[in-house]
Amino acid sequence: MTKAASISINDAVLVQQCRQGDSTATERLILKYQNRIYNAILRICANPDDAAELTQDTFVKVIENIDKFEGRSSFYTWAFRIGVNLTLNYCQRSVKLGLKSLDAEDNEDSSKDKGVLKAFLTDDSSPDPAVVAQNKELCRLVVKALMKLDDAQRAVIVLRDIEGMSYTQIAEVLDIELGTVRSRLSRARTNLRQIMEAIP
Amino acid sequence: MSQNEFPDIDELLNGFIDGELDQRQQTEVQRLIKHDKHIAERLQELRNCRRLVSSLPYTEAPQELLGDIKASLEERKLLVQPVPVRQYRREHEGARHLLFRKLTTAAAMIGLVAVLAVVIYTIVAPQASIDKLVAVFQPKESEPAVVIAAADTTVKPVSAGMEFSGRLELKTGTSSEVVAFINKAIESNIPADQRSTAVPGRPRESFALTCSRQNLGLLLADLDTIWDRIDSATLFVDTDQPKGQIVIDAVAPEQIIEIAKQDDFQTQQKSAKYFAALNNIEQTLPGKEVLTAVDEKGPQLITIPKPVLTSGEETIKKLPTQLEDSRIVHLTITVAER
């Protein structure tokens, strides 16, 4: 059972109480999902302050529209849809306004990091997640590679590989067809692999 | 085999990595990677790529995020404060009060239905049930009685084998005329050795009769002609119970004849109780339709023409055949001024 499926047991009750103006239930819903939504948004927008603000906006919008939640999908995917849409819109606006640039970071790569990601990708023995997580420089390079993907591809990678959603849940969150999820994820991973290999 | 030869191979491999393929597709991928080294290497690269991303550390939301969200919600008046305890109690007290009123109304309705049921049952109840009523009811002094009277020193219990025995108490505003009529009727119908002499001058005249049923029938037929002068006629029928009598208020001559003509003592008692209950119900009902309602099931009543006082004239014998045997009955008739 995925993490996403295991947390939705009492969501319907909390949502109902939230609709009736129960502030305790509202607080419980926020506490239940704030870290996961924040983490996903952070991996898409790559800025902690923006992620915090976008997470805040997400929950305000969730509570604002809680009466419109029809229960056709889970509350979890519904809340993520709002969060991801807000984030993708924000990313598009940032690009248009010229607020987003990774060029400076490109210049900061030290010579000792060159070819590190490529080595990991071609390693026959799969990389140990604990080792990767403890290697801050490696993490920074992975994030950098992610940020070179376009927003839509980055979003699908984050939802699948970080949040652990199924293809069906990703289709609900992004409001796209299941086949589109397959093809977009495939292209995203292929591109990401190429980006990682290309990082000097 | 290369990516160009199989343009969807990456999609297939990603589905394999993510566990999103069906059994047939999984088998196909396993066959491909087993036989194609390049595809196996590509699968490993995609798998490593996925692991690199999923190994990124999990970053928790800032501590102040919850407070910021709540503040933002309160600004928009989306976060409602919990209902104060006092208001909650007020609402629930109202609900309790409403429930109490509903229960009280329901209880009143049940009580009303019960009263109506008793009234209806009293009207349409079968004979057996009326017998029970006779033994249970304790009416007020002013109301018609349907009780077995007690504490009457003149009452003598009769055995089951005895003939009819009772006392007829008449009250009238014209007692002298009635007494005179009764005297004449007795002289006409009852032999001298079967009657006692009336005692004039007393407030209540008394006639003790021990006569045949036939003679009693003739006497009552005569008395029926003056019955409209009688304001109150009560028959006390002796029973086999010590100090016990069945009291029939508003008794009619034909009812007395009906009781007296019963051959069996038990049947007499039953008939007396029946008339007691019947008259009681009739007195309590304004329309007095009950007589008609129960007429078909009860003892056959005698239809008697309305009497005319024929003072000085020979009495008219209208019911000579009602009691035609010579068995002895005991009846004491008293007349009192109302």
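**Group meeting: the contact between chains A and B**

The contact takes 46 residues from chain A and 37 residues from chain B, two residues being in contact if their C-beta atoms, placed from the backbone, lie within 7 Å. This is a predicted model, in which local features need pLDDT of at least 70, side-chain atom pairs count only at pLDDT 80 or more, and totals for chains, interfaces and linings use all residues. Residues are numbered from 1 along each chain as its sequence is written, while chains are lettered from A and ligands numbered from 1 in the order in which they are written.

On the side of chain B that touches chain A, the elements giving two or more residues are α1 (9-18), α3 (37-54) and α4 (65-75) of chain B. Helices (H or I, at least four residues) and strands (E, at least two) are DSSP runs, numbered from the N terminus. The largest share of that side, eleven residues, comes from α3(B). By class, the side of chain B divides into 17 nonpolar, nine polar and eleven charged residues; Ala, Val, Leu, Ile, Met, Phe, Trp, Tyr, Cys and Pro count as nonpolar, Asp, Glu, Lys and Arg as charged, and the others, Gly among them, as polar.

I turn to one helix pair. Helix α10 (residues 151-162) of chain A packs against α3(B) at an angle of about 85°, with the axes 9 Å apart. Axes are lines fitted to C-alpha atoms, for helices over the stretch in contact, and angles run from 0 to 180 degrees between N-to-C directions. The two helices, α10(A) and α3(B), are therefore roughly perpendicular, a term that covers 65 to 115 degrees. Here I157(A), D161(A) and I162(A) of α10(A) meet R50(B), V53(B) and S54(B) of α3(B). This contact of α10(A) with α3(B) has three nonpolar, one polar and two charged residues.

In chain B, buried residues make up 30% of the 338 residues.

Finally, the cores. A nonpolar core is a set of buried Ala, Val, Leu, Ile, Met, Phe, Trp, Tyr and Cys residues joined through C-beta atoms within 7 Å. In the largest, of 66 residues, I41(A) and V156(A) touch the most other members. Helix α3 (residues 23-45) of chain A gives the most to this core, ten residues. A second, separate core of 43 residues includes I186(B), L216(B), A272(B) and L331(B).

Terms used
Parallel < 35°, antiparallel > 145°, perpendicular 65-115°, else oblique. Buried ≥ 20, exposed ≤ 12 C-beta atoms within 10 Å, placed from the backbone.
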